[in-house]
Amino acid sequence: MEHLRYAGLSHAEQLEVFRTILKSDPLVWHALQHARELDLPDWLIVSGALYNTVWNALTGKPSGYGIRDIDQFYFDGEDLSNEAEDLAIRNGNRLFGNLAVPVEIRNQARVHLWYRQRFGRDCPRYGSSSEALEYFASKTHALGVALDGNDRLKVVAPFGLEPVFAFRVEPNHALDNCETHMAKAERARAMWPEVTMVPW
């Protein structure tokens, strides 16, 4: 069970391993550098590109395996218009054009405006990109990283890193997201058989 060698370590130890893995992964590292250059307010690279990269590193899979896109959050509460978000997306497309996968850029200050139409229920009005992570369907996926000017990684992990290093997809009951939790867990198990799912 070599893939579980970091499970059960302290948060500080897991954080060091997490940063080391991300810095050594070319896809994630280039995405972080481009995101820093884009310089959107309160930005984070989040979720799949991060935990998938850890799972790839610990199971011997290549960089980018299983990663369909890279999600970048930012938070601009001053301008909630579609036009402002579209401009951020267009600027990002120019910067991220050389990456192997697309980058999805979304203003977390706007999520409450379209969430019901897409998912059939309401979500809170978030106060930051970090707060949005607290409402992900699975605790395992609630990860965000930003890169500062000195190449230091700021890590946001409201539920810790243990679920990731334990290869365990754990539900987060902050919203009624059972269907999303189960769908993402099933896809993860198909890509990484080492993954286990905690039922909703």
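Analyst: Two residues are in contact when heavy atoms of theirs lie within 4.5 Å. The model discussed here is a predicted one.

User: Leaving aside neighbours within four places in sequence, which residues does Lys 154 contact?

Analyst: With those neighbours set aside, Lys 154 is in contact with Gly 144, Val 145 and Ala 146. Lys 154 itself lies in strand β5.

User: Why does Lys 154 count as partly exposed?

Analyst: Its relative accessibility is 43%. Buried means under 20% and exposed means over 50%, with partly exposed in between, so Lys 154 at 43% counts as partly exposed.

User: What separation do the C-alpha atoms of Lys 154 and Arg 19 have?

Analyst: The two C-alpha atoms are 9.0 Å apart, while the residues are 135 places apart along the chain.

User: How do you know that β4 and β5 pair?

Analyst: Pairing needs at least two bridges between two strands. Four bridges join β4 to β5, so these strands pair. They run antiparallel. One of the bridge pairs is Gly 144 with Val 156 in β5. The two strands form a hairpin with five residues between them, and Asp 151 in the turn has a positive phi of about 65 degrees.

User: What makes β1 and β2 a pair?

Analyst: Three bridges join β1 (residues 44-46) to β2 (residues 70-74). The requirement is at least two, so β1 and β2 pair. Their directions are antiparallel, and Val 46 stands opposite Asp 71 in β2.

User: In what order do the strands of the open sheet lie?

Analyst: The five strands of this open sheet follow the order β3-β2-β1-β4-β5, and the pairing is mixed. β3 (103-107) and β5 (153-156) are the edge strands, since each pairs on one side only. Neighbouring strands are turned by 30 degrees against each other on average, direction ignored. Helix α1 (residues 11-24) packs on the sheet and touches β4 (144-147) and β5; the directions of α1 and β5 make about 120 degrees.

User: Why is α3 called mostly covered?

Analyst: Ten of its twelve residues are buried. Buried means under 20% relative accessible area.

User: How does the reach of helix α3 (residues 48-59) stand against the expected value?

Analyst: From first C-alpha to last, α3 reaches 16 Å. The expected span is 1.5 Å times one less than the number of residues. For the twelve residues of α3 the expectation is 16 Å, and the helix is close to it. Just after α3, Gly 60 takes a positive phi of about 75 degrees.

Conventions:
Residues numbered from 1 in each chain as written. Predicted model: local features only at pLDDT ≥ 70, side-chain atom pairs only at ≥ 80, totals over all residues. Heavy atoms only, no water. Axes fitted to C-alpha atoms, helices over the stretch in contact; angles between N-to-C directions. Buried < 20%, exposed > 50% of the residue type's maximum accessible area, 1.4 Å probe, protein only.
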